[in-house]
Amino acid sequence: MSEDYQPPRVWAPNKENGGQFASINRPTAGARFDRDLPVGRHPLQLYSLATPNGVKVTVMLEELLAAGHSGAEYDAWPIRIGDGDQFGSGFVDVNPNSKIPALVDRSGDAPVRVFESGAILLHLAEKFGAFLPGDPARRTEALNWLFWQMGSGPFVGGGFGHFYAYAPVKIEYAIDRYAMETKRQLDVLDRQLADREFVAGDEYTIADMAIWPWYGAIVLGEVYDAAEFLDVARYANLMRWTSAIAERPAVKRGRMVNRLTGDPAEQLHERHDASDFDLRTQDKLAQADATPA
């Protein structure tokens with residue numbers, strides 16, 4: 001990297017950009033190969049990965065099931081973004097933007113594709129009449145915070161997370177710029193939670209489900225290994241909310257779905273039935289494989 005770099009008049013991708021995701025990054029959209037998506041037996045088909053954006057949706061689905069909405073049963077299929085699964089023709093048909101999560105709702109006369117995590121949360125909330133207040137003012141407040149996360153999150157992930165954890169070189173200006181913005185956002189949440197149990201008020205909503213996988217993970221030190229760097233302990237209200245959400249049984253289950261790394265007991269690569277949490281986590285599968293016939 002040269003401090004004397006000057007951008008050309010017209011940018012062209014004439015060299016590998018480096019970093020963890022360099023092998024899959026291109027300045028073009030569309031499918032790169034033909035591959036159909038698998039389809040299970042439930043009306044809801046989720047294609048995702050247990051990144052923060054993916055966890056939003058699996059938490060929502062598990063919360064719906066815990067609340068008694070049996071129609072929320074779903075099949076969850078892993079999309080290995082590091083391998084480029086998101087560029088298969090079947091996935092691109094569901095999400096032209098080639099990003100997880102993506103959902104196909106097959107409960108009606110024709111399949112409905114839903115992409116972007118916020119859109120999926122809103123679709124499910126309206127479909128089941130759950131986790132979104134009916135009162136117009138409280139509904140609007142929840143949507144305020146849902147879309148706050150959708151607009152703010154890229155500064156945390158693509159900004160701070162990239163330059164602090166994934167970029168091939170440490171750039172002081174970039175890290176300082178996005179650390180400043182990330183801490184500002186943490187302060188926004190901490191102030192909002194000072195006199196409220198949940199982000200949008202006294203009711204647990206899709207706003208909490210959207211915000212927690214990103215900002216809760218930062219506070220818990222589970223993304224970017226940056227909790228100490230960002231001095232998250234100072235955000236006492238945010239810490240309280242984060243811990244409370246983390247203890248919800250549906251959240252614990254949702255975090256496991258499509259998880260491909262970490263503790264094998266916390267990895268459920270595919271989810272097709274509630275019993276999979278007891279029978280098909282990676283530790284259980286490895287144990288079964290090691291048991292003599």
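**Notebook: a predicted chain, looked up residue by residue**

I began with Pro27, which counts as exposed at 59% relative accessibility, where exposed means over 50% relative accessible area, buried under 20% and partly exposed in between, with a 1.4 Å probe and protein chains only. Before going on I noted that this is a predicted model, in which local features need pLDDT of at least 70 and side-chain atom pairs count only at pLDDT 80 or more, while totals for chains, interfaces and linings use all residues. I also noted that residues are numbered from 1 along each chain as its sequence is written, and that side-chain values use heavy atoms, with hydrogens and water left out.

Pro27 sits in the segment before strand S1; helices (H or I, at least four residues) and strands (E, at least two) are DSSP runs, numbered from the N terminus. Leaving aside neighbours within four places in sequence, I find Pro27 in contact with Trp11 and Pro13, contact meaning heavy atoms within 4.5 Å. Pro27 and Pro13 are 14 residues apart in sequence, and their C-alpha atoms lie 7.7 Å apart in space.

**Whole chain**

I then looked up the overall make-up, which comes to 10 helices and 4 strands. Read from the N terminus, the order of elements is β-α-β-α-β-β-α-α-α-α-α-α-α-α. The radius of gyration is 20 Å, close to the 19 Å that the globule rule gives for 293 residues, so the chain is as compact as a globular protein of that length; the radius is taken over C-alpha atoms, and the rule is 2.2 Å times the number of residues to the power 0.38. Along its principal axes the C-alpha trace spans about 60 × 50 × 45 Å.

Of the 293 residues, 45% count as buried. Among contacts with a separation of 6 or more, residues 24 or more positions apart account for 66%. The chain exposes about 15200 Å², of which carbon and sulfur atoms supply 51%; these areas come from the Shrake-Rupley method with a 1.4 Å probe, and for residues only the protein chains shown count as cover.

For the charges, I find 30 positive and 41 negative, with mean positions 3 Å apart. Here Lys and Arg count as positive and Asp and Glu as negative, without His and the chain ends, and each charge is placed at NZ of Lys, CZ of Arg, CG of Asp or CD of Glu.

Tyr47 lies in strand S1, residues 44–48, and is buried, with a relative accessible area of 1%. Between Ile100 and Pro101 the peptide bond is cis, with omega near 0°, and Pro101 belongs to the loop between helix H2 (89–94) and strand S3 (102–105).

In helix H7 (residues 236–246) the buried residues include Leu238, Trp241, Thr242, Ile245 and Ala246. Seen down the axis of H7, its buried residues fall within an arc of 130°, so they line one face of the helix; the arc is that of the directions from the helix axis to the C-beta atoms. These buried residues pack against helix H5 (172–192), helix H6 (206–219) and helix H8 (249–256).

In H5 I checked Thr182, which is buried with a relative accessible area of 0%. Not counting residues up to four places away in sequence, Thr182 touches Phe155, Val156, Phe160, Ile218 and Leu230.

Asp276 is found in helix H9, residues 276–279, and counts as buried at 7% relative accessibility. Setting aside residues up to four places away in sequence, Asp276 touches Leu268, Glu270, Arg271 and Thr281.

**Positive phi values**

Which non-glycine residues did I note for a positive phi? Glu116 has a phi of about 80°; it lies in the loop between strand S4 (112–115) and helix H3 (117–128) and is partly exposed at 35% relative accessibility. Asp231 has a phi of about 50°; it is found in the loop between H6 and H7 and is partly exposed, with a relative accessible area of 37%.
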